Amino acid sequence: LVFPYRVFSAPQVTMSMDRLVELFLQSSRGDDASGPVGELDEEGIERAVENTEKMLTGQDAAAMVGSPDATFVCLGMALEEKPKLAPAAIGCYEKALQYHSSGAKSRGWERCVVLQQLGAVCLRIKRLQAADKWFTQCSEVCLQADGHPRDAVLFNGSFSTQQTRLEFAEMVEKLHAKTCHELGDMERAHKHVNEAKRLQAAATGDAVERQASGLGRAASSPAASKVSSDPVKELWAAEPAEEVNLKSYHFMDEGPTVLVMLDLNEHLGIGEEASAAVDSLRQFRVKCEETSVDIQLRLRRKDGRVVHFRLLLSPIQKDIVPEDTVPKLRGKESKRRLEIKLFKREKKDTWYGDLVKGEVAKTTKKPEPPSAPKGSLLNPLTAEELAALPKPSDSRGDNRPSSFGGRGAASNGDAPSHFLEGKTQPRWVEKVQQRQEALDLLLLEIQISDAFPEVSMKDLDLGTDGEMFSLTLQSDAGSPLSVPLPSGADMGNMEARWRRKTRTLEIRIPTLD
């Protein structure tokens, strides 16, 4: 197996590394030595490290270079690249460790980095006992460090890595297994291989199980051991009578995180029975990878049947950190919801549109704004269109279009027209009515279905192409409501009003003929 020895990169440091390596080699010689520098022995390495430290801790150098530990780590990495200078690199790393012997640095990611580098170079030059020691210390400090190495500021920003905590720990375990194998200790080698596999599985395994194990393993308490059966385990052991693939959900971009919400009553399709049948987060399994989220749920319905629900989001827009996923069961007993907090790998990225690539917009994507209405200042009528407009009649005192008289009697009534009856309409629309509220004013009334109780006017987008009026629910943009417009509809002066009690959108459209 080939393991990565070099994980961290130093794109730029204050002092040129080639020049610093040259000064390091020169300072390894005694006061009376001259000529080219030969292969360094332990005495020469100690002398070079001591002289380099004096140079870096001087008043002028300290103001320019900053902390000596960062420079020693950079110097160690540069020496590793030179032939026969790996022992000198070890001396630099060991000196850097001395600056991390106390305080916050003694249990931070910078110390982990130096210990990993030390172990890797010792393994490469077959100093196996030393490598074993450094990897052991590295694993111990890794358990104490906060957050992820990818989020930490390492050595004043001179180093960076894209590794998470579990990815870093997994790499150290693999290197440690390689070291034990070289030492001939196969039992410990297998132990570290198994630990590396466990860490890899934990990064992409069930977030619910991982969260439960991190809460003190309450299931192992004496009280829990007296329980003869576990209803949740029985649910997962049972053969489901029905399997349902879910498609609906909500999500929200919260900056460095994304919140995915599964409303049980709304999205499972069985009403309040869903909330009544779910009383534990353990009924869910949430498995995440960098580009996918797999949500599964088991519940027992009132008739005794076990139903398996699954919502698979793959591939999602951008990478996440699977091991940080946090699932929570929220809401009162009659209206429960599952909330899953996903942590972005690139925290500053904003996720626009859909959560899943290539998916029809569900929640946030809005259609392009409609073009300016025909006849407005931004889109004026042509000379031919002006000539085709209706002419006033010759009736004294009547300034309405001549064609109005033919429909005047019909327009006097206020009875609404259910003009979409028998036609397909979106599932979020209960009914659509239109009536002539005045001689030159058309009223559209669009009532939202009770199956969508959280929808309000802010969740709706209006649009028109001149002949059709369209209304789109942002969370279901694939199923817009389309209504034909009467001739002469003035959409530029349209007015919209939301009736909260009746959950009805009223749209008043002036008519020109």
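This is a predicted model: local features need pLDDT of at least 70, side-chain atom pairs count only at pLDDT 80 or more; totals for chains, interfaces and linings use all residues.
Colleague: What makes strand 3 largely enclosed by the rest of the structure?

Modeller: A residue is buried when its relative accessible area is under 20%, and seven of the seven residues of strand 3 (residues 257-263) are buried, so the strand is largely enclosed. Both of its faces are covered, with T257, L259, M261 and D263 buried on one side and V258, V260 and L262 buried on the other.

Colleague: Which strands does strand 3 pair with?

Modeller: Strand 3 runs antiparallel to strand 2 (residues 250-253), to which four bridges join it, and D253 stands opposite V258 in that pair. Strand 3 also runs antiparallel to strand 8 (residues 337-343), here joined by seven bridges, with T257 opposite F343. The hairpin of strand 2 and strand 3 has three residues between the strands, and in this hairpin G255 takes a positive phi near 95°.

Colleague: Why are helix 5 and helix 6 called roughly antiparallel?

Modeller: The axes of helix 5 (residues 86-98) and helix 6 (residues 109-124) come within 10 Å and cross at roughly 160°; angles over 145 degrees count as roughly antiparallel, and therefore the two helices are described as roughly antiparallel to each other. Helix 5 passes helix 6 in a left-handed crossing. The contact is made by A86, I90, Y93, E94, A96 and L97 of helix 5, together with R111, V114, L115, Q117, L118, V121, C122 and R124 of helix 6. By class, this contact has ten nonpolar, one polar and three charged residues.

Colleague: Why does G478 count as partly exposed?

Modeller: Its relative accessibility is 48%, and partly exposed lies between the buried limit of under 20% and the exposed limit of over 50%, so G478 counts as partly exposed. G478 is found in the loop between strand 12 (468-473) and strand 13 (481-484). In sequence G478 and P426 are 52 residues apart, while in space they are 9.4 Å apart, C-alpha to C-alpha.

Colleague: How do you know that strand 12 and strand 13 pair, and what sheet do they belong to?

Modeller: Four bridges join strand 12 to strand 13, which run antiparallel, and because at least two bridges are required, the two strands count as paired. In this pair S482 of strand 13 is the bridge partner of S470. The sheet is an open one of three strands in the order 11-12-13, with antiparallel pairing. Strand 11 (460-464) and strand 13 stand at its edges, each with a single partner strand, so one side of each is left without a neighbour in the sheet. The twist of this sheet averages 20° from one strand to the next.

Methods
Residues are numbered from 1 along each chain as its sequence is written. Side-chain values use heavy atoms; hydrogens and water are left out. Buried means under 20% relative accessible area, exposed over 50%, partly exposed in between (1.4 Å probe, protein chains only). Axes are lines fitted to C-alpha atoms, for helices over the stretch in contact, and angles run from 0 to 180 degrees between N-to-C directions. Angles under 35 degrees count as roughly parallel, over 145 as roughly antiparallel, 65 to 115 as roughly perpendicular and the rest as oblique. A crossing is left-handed if the near helix is turned anticlockwise from the far one by less than a right angle, and right-handed if clockwise. Contact means heavy atoms within 4.5 Å. Ala, Val, Leu, Ile, Met, Phe, Trp, Tyr, Cys and Pro count as nonpolar, Asp, Glu, Lys and Arg as charged, and the others, Gly among them, as polar.
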